[in-house]
Amino acid sequence: MKKSNYVVLDYFRIFAAILVVMIHIPPFKTFEIDGTIYTNIDFFISHVLARIAVPFFFIASGFFLFNSFEG
């Protein structure tokens with residue numbers, strides 16, 4: 001098995017995969033105790049923070065695609 005030279009990128013790919021799941025399954029929808037506090041946290045995570053995951057995967061895929069052409 002070949003060892004990856006991009007360890008930080010591998011860890012962020014795992015984190016980004018979790019963020020993609022959070023886009024489709026809002027993490028704090030069932031934990032509405034106070035109403036507005038958890039709704040704002042859910043909006044920030046699902047609609048702001050997690051939206052960086054999809055462009056990250058496109059950029060990382062392009063990086064590895066062009067990196068494989070160079071050798």
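Rings of Phe, Tyr and Trp (its six-membered ring) are taken as a pair when their centres lie within 6.5 Å. With that in hand, Phe12, Phe15, Phe56 and Phe57 are joined by ring pairs into a cluster. Bear in mind that this is a predicted model.

**Aromatic pairs**

The rule gives a count of six aromatic pairs. The rings of Tyr6 and Phe63 sit with centres 5.5 Å apart and planes at 90 degrees, so this pair is edge-to-face. Tyr6 belongs to the segment before helix 1, and Phe63 to helix 3 (residues 53–70), so the pair ties together parts that are 57 residues apart in sequence. Tyr6 also pairs with Phe64: the centres are 5.5 Å apart and the planes are at 75 degrees, so that pair is edge-to-face too. Here again distant parts of the chain are linked, with Tyr6 in the segment before helix 1 and Phe64 in helix 3, 58 residues apart.

How exposed are these residues, and a few others that come up below?

| Residue | Relative accessible area | Class |
|---|---|---|
| Tyr6 | 32% | partly exposed |
| Phe63 | 39% | partly exposed |
| Phe64 | 28% | partly exposed |
| Arg13 | 37% | partly exposed |
| Asp10 | 26% | partly exposed |
| Phe44 | 45% | partly exposed |
| Ser46 | 3% | buried |

**Helix 2, inside and out**

Now for Ser46, which has its place in helix 2. At 3% relative accessibility, Ser46 counts as buried because the cut-off is under 20%. The side chain of Ser46 reaches the backbone oxygen of Met22 at 3.4 Å. Leaving aside residues up to four places away in sequence, Ser46 touches Met22, Ile23, Pro26, Pro27 and Arg51.

Phe44 is found in helix 2 as well, but Phe44 is partly exposed. The largest share, four residues, comes from helix 2.

Notes. Residues numbered from 1 in each chain as written. Predicted model: local features only at pLDDT ≥ 70, side-chain atom pairs only at ≥ 80, totals over all residues. Heavy atoms only, no water. Helix = DSSP H or I, 4+ residues; strand = E, 2+ residues; numbered from the N terminus. Buried < 20%, exposed > 50% of the residue type's maximum accessible area, 1.4 Å probe, protein only. Polar contact = N/O pair within 3.5 Å; in protein donor to acceptor, adjacent residues only side chain to side chain. Contact = heavy atoms within 4.5 Å. Phe/Tyr/Trp six-rings, centres within 6.5 Å; stacked < 30°, edge-to-face > 60°.
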